[in-house]
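Here is a short walk through one protein chain. Keep the sequence and the 3D view side by side as you read.

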Amino acid sequence: MSKRCPECNFANDDSRIFCGACGAPLDANIRLIQDFEKQTKVPAAPKEAPRKKDDDDDYVPPKVEQKQGMGALPWIILGVVAVAAVALWIFLS
């Protein structure tokens, strides 16, 4: 007697566990186990993020630190040096 494949109806030997034509399992228990494994491998649906409530009007954005520049001191020093250089040039010429 031969085992018929439930997928493709191919006649297989009694010693076979899987179909020789399509590879489907011939034993009903093996088919149940494979179906169960397929069901457990399906990823769960992603959870939705909780919705914000309407009373979240008190949100204050964080303060951003501003980068301080060099300031006016270098420009003042440069101006004093330039004025001194011009005065020195006038007095020496």
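Begin with how far the chain reaches across itself. Among contacts (heavy atoms within 4.5 Å) between residues at least 6 apart in sequence, 2% join residues at least 24 apart. This is a predicted model, in which local features need pLDDT of at least 70, side-chain atom pairs count only at pLDDT 80 or more, and totals for chains, interfaces and linings use all residues. Residues are numbered from 1 along each chain as its sequence is written, and side-chain values use heavy atoms, with hydrogens and water left out.

Next, the overall plan. The protein has two helices and two strands. From the N terminus, the order is β-β-α-α. These elements are DSSP runs, numbered from the N terminus: helices are H or I with at least four residues, strands are E with at least two.

Now the surface. Of the 93 residues in the protein, 6% are buried. Buried means under 20% relative accessible area, exposed means over 50%, and partly exposed lies in between, with a 1.4 Å probe and protein chains only. The protein exposes about 9300 Å², and carbon and sulfur atoms supply 61% of that area. Accessible areas come from the Shrake-Rupley method with a 1.4 Å probe; for residues, only the protein chains shown count as cover.

Go to the strands. Asn9 sits in the loop between β1 (3-4) and β2. Its relative accessibility is 54%, so Asn9 counts as exposed. Most residues other than glycine have a negative phi. Asn9 is not a glycine, yet its phi is positive, about 65°.

Is Asn12 buried or exposed? Asn12 belongs to strand β2 (residues 11-12). It has 2% relative accessibility, so it counts as buried. Beyond residues up to four places away in sequence, Asn12 touches Ser2, Lys3, Cys5, Phe18, Cys19, Gly20 and Leu26. The Asn12 side chain also comes to 2.9 Å from the backbone nitrogen of Gly20.

Ser15 and Ser2 are 13 residues apart along the chain, and their C-alpha atoms are separated by 8.9 Å.

Then comes helix α1, residues 28-41. Its 14 residues reach 20 Å from first C-alpha to last, close to the 20 Å expected at 1.5 Å a residue. The expected span is 1.5 Å times one less than the number of residues. Leaving aside neighbours within four places in sequence, Arg31 is in contact with Pro6, Pro25 and Leu26.

Finish at helix α2, residues 73-92, which includes Leu73. The 20 residues of α2 should span 28 Å at 1.5 Å a residue, and its end C-alpha atoms are 29 Å apart, which agrees. This helix too is hardly covered: the count of buried residues among its 20 is zero. Leu73 has a relative accessible area of 56%, so it is exposed.

Which residues make the nonpolar surface patch of about 300 Å²? They are Leu73, Ile77 and Val81. An α-helix has 3.6 residues a turn, so residues three or four places apart point the same way. Patch residues have over 30% relative accessible area and no salt bridge; nonpolar side chains (Val, Leu, Ile, Met, Phe, Trp, Tyr) are joined within 5 Å, like charges within 9 Å. A salt bridge is a side-chain nitrogen of Lys or Arg within 4 Å of a carboxyl oxygen of Asp or Glu.

Technical notes: Polar contact = N/O pair within 3.5 Å; in protein donor to acceptor, adjacent residues only side chain to side chain.
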